[in-house]
Amino acid sequence: MQNPFVYGQEVFGEIFCNRTKEIKELVSDITSGQNVIIYSPRRYGKTSLIKEVLKKTEKEGVIGIYVDLYAVLKEEDFVSIYAAAISKTLSGSMERIISNLKDIFRSLRPKIVINSQGETEIGVDLVKDTNIMIEDVGNAVQRYSDKYKKQVAVVFDEFQQIGLLKTDKIEKRLRGIVQTHGRKVSYIFMGSKKHMIYDMFSNPNRPFYKIGRHYPIGKISAEKLTFFVIERFKSTGISIPEDIARKIVDIAECHPYYVQHLGSSVWKLAEHKRIDEKTVEDALTLTLAEEKSAYSNIWDELSLNHKKVLKMLVESGQENKIYSIENLQKFNLTASVVQKTIKSLLLKELIDKSNGTYDINDVFFKQWLLRI
Ligand SMILES: Nc1ncnc2c1ncn2[C@@H]1O[C@H](COP(=O)(O)OP(=O)(O)O)[C@@H](O)[C@H]1O
Ligand SMILES: [Mg+2]
């Protein structure tokens, strides 16, 4: 039987838990033409969430263009990935799509290409001048909206990738374009690198300053996730006691990815026997064993101070405690070194700060650290 838990890819339908409030708010933002900046640590479910949102807005007549910028290494990649995403939303024969695209592009020429998976799809012939290409692909969505008399929502996923490019050509051009599009086109900028996204959008010196509403995505409530875990087991004919489902959620710290991952491991051990606390512990041990080489690699790359501060965090947790004299003496560190190291761990996205407390982002890495 198929495992009812899924992790490492987008989830939808019954494998997607809750987020009703977020869906409602984002649907309303998009239909009213609002620009939004969505961010969270990795794997909180941004991509899954926005795809659910786009399904809903599509029903209200909004054309959703989903652009995954993860693979962008240079300006040209942005142009071709964006153009391909636009073409994917058009239906009909290849010839028909190309002819429609010719109406919305000015200098880029649509053509049939073979992608890296060997499939035929529609791409564009690039032109020499990068600025012209960015202008053209950027303004194409406005012309698209005009041609079909429909509202358009453009989602730029992994947008932090643009901030890593050598020049800020895209940021500068796109700023102007986004501003002229008004309410007919709404832009959703999404990013995993919380701090980088924060800098791109909150720094008055950067082009995207104040371009939209900030929308941080949080975890999911323990109650909703516990119910979700029970339902997932039930869908395969297995019943799991509520307190055990809750234990999975608690170990996973209400992080959707880790709930699915641990849920999946427990399910594998659960066939033909009763699920109890021991099953969850065994599943965690197995999962940590599977992740061992990945975690040892991270650990080996860290400096001694990084290691000490991580250990300190998993052992004490609270911000005020890590600076206590007792703690500093125990780890033989000074307050200023701890401060500097914390900053560096935040940048590496190994830790995050919420409600005044620092925490390890990867819940299983934290469990692994507790065991070394
Ligand atoms: N609403 C949700 N319900 C259940 N699982 C979720 C949910 N959102 C995310 N997940 C879990 O987290 C994983 C990562 O989700 P994804 O949407 O790719 O996150 P992100 O885009 O933030 O990195 C999914 O594979 C799934 O296991
Ligand atoms: Mg994502």
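This is a predicted model: local features need pLDDT of at least 70, side-chain atom pairs count only at pLDDT 80 or more; totals for chains, interfaces and linings use all residues.
Residues are numbered from 1 along each chain as its sequence is written, and local features need pLDDT of at least 70, while side-chain atom pairs count only at pLDDT 80 or more. Side-chain values use heavy atoms, without hydrogens and water.

**Cores**

A nonpolar core is a set of buried Ala, Val, Leu, Ile, Met, Phe, Trp, Tyr and Cys residues joined through side-chain atoms within 4.5 Å. Buried means under 20% relative accessible area (1.4 Å probe, protein chains only).

| Core | Residues | Including |
|---|---|---|
| Largest | 55 residues | Val229, Phe233, Ile240 |
| Second, separate | 46 residues | Phe78, Phe156, Phe159 |

Helices are DSSP runs (H or I, at least four residues), numbered from the N terminus. Domain 2 (220–292) and domain 3 (302–372) both contribute, so this core lies between them. Domain bounds come from an automatic or database assignment.

Leu262 is among the residues with the most contacts inside the largest core. Leu262 touches (heavy atoms within 4.5 Å) Ile248, Ile251, Val280, Ala283, Leu284 and Phe364, not counting residues up to four places away in sequence.

**Helix packing**

Helix H13 (residues 304–316) packs against helix H17 (residues 363–370) at about 95°. Their axes, lines fitted to C-alpha atoms over the stretch in contact, are 10 Å apart. H13 is therefore roughly perpendicular to H17 (65 to 115 degrees). Leu310, Lys311 and Val314 of H13 meet Phe365, Lys366, Leu369 and Leu370 of H17.

**Thr279**

Thr279 sits in helix H12 (residues 277–301). Thr279 is buried, at 4% relative accessible area. Thr279 touches Val266, Leu269 and Arg274, again leaving out residues up to four places away in sequence.

Terms used
Chains are lettered from A and ligands numbered from 1 in the order in which they are written. Axes are lines fitted to C-alpha atoms, for helices over the stretch in contact, and angles run from 0 to 180 degrees between N-to-C directions. Helices (H or I, at least four residues) and strands (E, at least two) are DSSP runs, numbered from the N terminus. Angles under 35 degrees count as roughly parallel, over 145 as roughly antiparallel, 65 to 115 as roughly perpendicular and the rest as oblique. Buried means under 20% relative accessible area, exposed over 50%, partly exposed in between (1.4 Å probe, protein chains only).
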